[in-house]
Amino acid sequence: MKFASQFWPRVWHSQLKNRGLHVPPVETKRLNDQLRDKLEHSQELIKRAMNVYKPNEMMLCFNGGKDCTVLLDILAKIKPPSVPLRAVYVKSADPFEELEKFVDDCAQRYGLQMLRYEGVLKLAFEQLVTEDPQVRAMFLGCRRSDPGGSNLHEMLPCDNGWPAMMRIFPLLHWSYHDIWSYLRSNNVPYCCLYDQGYTSLGDRSSTRLNPSLLVYNQQLGKMTYRAAHELEDIRLERANRDEQGQATVGESKQ
């Protein structure tokens, strides 16, 4: 039995590597009680939303980042097998190639029915509801620590001229370390850029390696960047981003 329990995870990891997906290091540590409670709360919120809205009225806003990757995995485990996952991806002006590839990988892995747009987020959502007017609710992976997150509620209608739909934030009360604990404890593949020293991802022109992760590697004899999950001060999560002040669908200033 012990051999069997070790065999299948190795086969699964091998398949992921062959498909070009990043394979996170395996952690045997289980979710702590606090995170388990947050996960259960998130799951209940998602289930309530699924009781209010029909499958064709809900979508996930997915950009390949760590937070929406967690949300995608939770949604995939909750939804009925017969119900497809629907997502919208808005391509930035100057995307990372690694992030683009990861989005494609996730679409294949989770069987996402994904609509793709380019340009400004607000205009993309306006186009979305014009082409698919039945969409009434959007799942988003925003957290309290995100810009504008302090004013959000778990379910909040869009305002200030954004398309009429309900925003749903299942991860609103999660922390930076909660996100990484979930990803690593559940062996969920994530974008490889996070292992290279990026803690938050945006355009290539506005995103750089996080200087807080730069350390001297004695084995290599040079300075290297640690992985994103090793960030100690969560206040520095977005220290690698040049904020440009553009409103996002998650911000209360919509």
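Predicted model: local features only at pLDDT ≥ 70, side-chain atom pairs only at ≥ 80, totals over all residues.

User: What makes Tyr198 buried or exposed?

Analyst: The relative accessible area of Tyr198 is 13%; since the limit for buried is under 20%, Tyr198 is buried. For the chain as a whole, buried residues make up 49% of the 254 residues.

User: What makes Phe96 and Tyr198 a pair, and why is the pair called edge-to-face?

Analyst: The structure holds five aromatic pairs, and one of them joins Phe96 and Tyr198. Their ring centres are 5.4 Å apart, and rings pair if their centres lie within 6.5 Å, so these two rings qualify as a pair. Their planes stand at 70 degrees, and planes over 60 degrees apart count as edge-to-face, which means that this pair takes that label.

User: How do you know that the pair links distant parts of the chain?

Analyst: Phe96 lies in the loop between β2 and α4 (97-110), whereas Tyr198 lies in the loop between α6 (176-185) and β7 (214-217), and the two residues are 102 apart. Contacts across the chain can be set beside this: among those between residues at least 6 apart in sequence, 75% join residues at least 24 apart. Aromatic rings also gather elsewhere, with Trp180, Tyr190 and Tyr194 forming one cluster.

User: How do you know which strands are the edge strands of the sheet?

Analyst: The open sheet has six strands in the order β3-β2-β1-β4-β6-β5, with mixed pairing. The strands β3 (113-118) and β5 (155-157) each pair on one side only, and these are the edge strands. From one strand to the next, the twist averages 30 degrees.

User: What makes β1 and β2 a pair of strands?

Analyst: Strands pair if there are at least two bridges between them. Strand β1 (residues 58-61) and strand β2 (residues 86-91) have two bridges in the parallel sense, so they meet the requirement of at least two. As for individual bridge partners, Cys61 has Val88 in β2.

User: How many helices and strands does the chain have in total?

Analyst: The chain comes to six helices and eight strands, and from the N terminus on its elements run α-α-β-α-β-α-β-α-β-β-β-α-β-β.

Key. Residues numbered from 1 in each chain as written. Heavy atoms only, no water. Helix = DSSP H or I, 4+ residues; strand = E, 2+ residues; numbered from the N terminus. Axes fitted to C-alpha atoms, helices over the stretch in contact; angles between N-to-C directions. Buried < 20%, exposed > 50% of the residue type's maximum accessible area, 1.4 Å probe, protein only. Contact = heavy atoms within 4.5 Å. Phe/Tyr/Trp six-rings, centres within 6.5 Å; stacked < 30°, edge-to-face > 60°.
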